[in-house]
Amino acid sequence: MSLFSYIMRRVLISLLTVFVVVSITFFLMNLMPGDPFIGNKAVPKAIKDNLYAKYGLDKPLFERYLMYLGNLAKGDLGMSMTYKNQKVINVIKQAFPVSADLGIRSLIFGVIGGLLLGVIAALHHNGPWDTTATLLAIIGVSIPGFLIGTLVQYIFGFLFSNVIKDVFNTTYQLIPIARWEGFRYTLLPSFALGFSSLALTSRMMRTSMLDVLHQDYIKTAKSKGLTPLQVTWRHTIRNAILPVITVLGPMTAAIMTGTFVIEKIFAIPGLGKFFVQSVQMYDYTMILGLTLFFSTFLIFMNLVVDIAYGFIDPRIRLAKGKA
Amino acid sequence: MLLELKDLKVSFDTYAGEVQAVRGVSFSLDKGEVVALVGESGCGKSVTAQSVMGLLAKPAGRIKSGSIKIEGVEASGFSEKQWEGIRGKKIGMIFQDPMTSLNPTMTIGAQISEGLIRHQGMNKKQALERAEEMLKLVEIPNVQERIHQYPHEFSGGMRQRAMIAIALACNPELVIADEPTTALDVTIQAQVLDLLKNLQQKLETAVIIITHDLGVVASIAQRVMVMYGGIIVEAGNLKDIYYEGKHPYTWGLMKSIPRLDRTKADELSPIEGTPPDLFAPPAGCPFADRCDWCMKVCKTDMPPLHKVSETHSVACWLLHDGAPKVESPLVPHGATGARKSKGARHV
């Protein structure tokens, strides 16, 4: 099977998956008691009826479902039901780049840091480096992001700022703790968001490295008289990184599409808050649009990882030109 | 003298205590010689080989005492850096399981080239050319294509051939083959042994072959050392061990080889029991507990090495002047049997 037909097949399966996801979300969402226009304010019935008519909510469920699918086929995600005159697609267009920016920074920090930490820990198995890495990983896995977020805010926004204030007599913030206005602003949220991926990656890499280090081919590599660096780089890491790559797909999708908590804490105008708010506000079109976006992105990342995996691991490389 | 071990003692430090894996092994090896280290699992064969390669598992394994001389140079205190100059260049190694001893993410060509680039100062292209020659030497067909393939595209026998190519790539003086045929099919075993034997004669490389299979030994080795409980219990040339073996453990090994001419009365008999616990090795002969001829002295004192002839030595109390005379249980069946099958490849 050629790479092209492989990708085509995967794309078809993906489309089917997305269709199922959208359908299930559509009906589940409508099972929620209430609707977008049951607010706290008492709205006159006539206005309410007009609103229902405008958004097509007066029609039977199945008809609305078909309508949504029809619009979707045309590439139209519809209008938001809570933000006035905002298309769902525009919300995503505006907020996703910010989330993706933050996500990529966190991933670079988390994945590269995690891999390094994992390698160091495995090479110093049971030594002080290993203990340090393990400790970091346990902290990263067990302390939730919002706590780490507030903690670094406290350290840099309060303790550190106080020191600066005392020494230089200025309120200048070297490392700002909120908003999204330049490189300095990205440091703390990237750290807070990337820390758990760092922990996860380092754990996986360490386990995988230890496994590979006991393989016979490492003995073979040593018996050739290769330097420790050559053995580690060409033989150990190259094989140990394979299982870690598989988790990178879902991890990337989850981190790049925004996280409610971190974005809220650091006042970052990302996509995260829309995931939560849309559900609270019964913003049907937004819920569907975001679900669709997230699942498409996740499936896409998994496909990318699968293809990348084939390039790195010759055993699952697609046979060239053969059936 | 290519390799000389003197009273080598190797221990592993574990949480449970010290494991004395090798407890005083001495032997020497000339250029181009083929020597077999024989014995069952856990008697120190592989550890002996690993210490000759400087490949003892760090930090648990350590050379406790004794000396390893490689071409006259004392190597037991070598640094990791010095060992790198020995491994692959002076001594090559072939491992037991070809399915797991090749890196799955590197082409065969690249895996052979690595050592050449490291030790012979070749560039990638030269090394790959030499790798091609090596693959031809180990009789792999279609070399042009095969060299760019990965281990999973090779069969078990071919992988072991590739492994042999890796070990021989830099023209080492000595190749250590650690159970090179154990993981292969019987038919492939014979092919790989033949290849190893031919290459050994062609390249005049010395070989230490580690095995528990006396059949393998007979087809390739000139000298045999039988190891048990971390010591060499009997050493001699092929004839000494096969026809004039003196140690009860050697007899036991001989009796446990399946043979076509064996009569019903002389059934295949395993050696009862298991090798001694090397956490607390016995004070006397390590084989005493399993020996049918065990005497009082065997339990308390280590038997001295008794020279039977110029080439043949045995560590057994039965050869002491005061001991009762014991005939080898292999006579008459064993001896005649062995002679009859002399022409066959496997004894």
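Why does Tyr65(A) count as partly exposed? Tyr65(A) has 16 other C-beta atoms within 10 Å, and is therefore partly exposed; the class lies between buried (20 or more other C-beta atoms within 10 Å of a residue's own) and exposed (12 or fewer), with C-beta atoms placed from the backbone.

These legends describe a predicted model, in which local features need pLDDT of at least 70 and side-chain atom pairs count only at pLDDT 80 or more, while totals for chains, interfaces and linings use all residues. Residues are numbered from 1 along each chain as its sequence is written, and chains are lettered from A and ligands numbered from 1 in the order in which they are written.

**View 1. Helix 3 of chain A carries Tyr65(A).** Here helices (H or I, at least four residues) and strands (E, at least two) are DSSP runs, numbered from the N terminus. Helix 3 of chain A covers residues 61-73 and spans 18 Å from its first C-alpha to its last, close to the 18 Å expected at 1.5 Å a residue; the expected span is 1.5 Å times one less than the number of residues. Just after this helix, look for Gly75(A), with a positive phi of about 85 degrees. From Tyr65(A) to Gln277(A), 212 residues apart in sequence, the C-alpha atoms are 22 Å apart in space.

**View 2. Chain A meets chain B.** Chain B brings 23 residues to the contact and chain A brings 18 residues, where contact asks for C-beta atoms, placed from the backbone, within 7 Å. On the chain B side, helix 2 (80-86) and helix 3 (108-120) each supply at least two residues. Helix 3 of chain B gives the most, with four residues. By type, this side of chain B holds eight nonpolar, nine polar and six charged residues; Ala, Val, Leu, Ile, Met, Phe, Trp, Tyr, Cys and Pro count as nonpolar, Asp, Glu, Lys and Arg as charged, and the others, Gly among them, as polar.

**View 3. Four strands of chain B form an open sheet in the order 2-1-4-5.** The pairing is antiparallel, and two strands pair if DSSP finds at least two bridges between them. Strand 1 (residues 3-14) and strand 4 (residues 61-70) of chain B share eight bridges, with Phe12(B) partnered by Gly61(B).

**View 4. Strand 9 and strand 10 of chain B make a hairpin with two residues between the strands.** Gly229(B) in this hairpin takes a positive phi near 55 degrees. Six bridges join strand 9 (residues 223-228) to strand 10 of chain B, and Met227(B) has Ile232(B) as its bridge partner. Strand 10 (residues 231-237) is mostly covered, with six of its seven residues buried. Strand 10 of chain B also pairs in the antiparallel sense with strand 12 (residues 313-315), where Glu234(B) stands opposite Val314(B).

**View 5. The largest nonpolar core has 99 residues.** Such a core is a set of buried Ala, Val, Leu, Ile, Met, Phe, Trp, Tyr and Cys residues joined through C-beta atoms within 7 Å. Among those with the most contacts inside it are Val38(B), Ala165(B) and Val226(B). Helix 6 (residues 156-168) of chain B gives the most to this core, with eight residues.

Technical notes: Contact = placed C-beta atoms within 7 Å.
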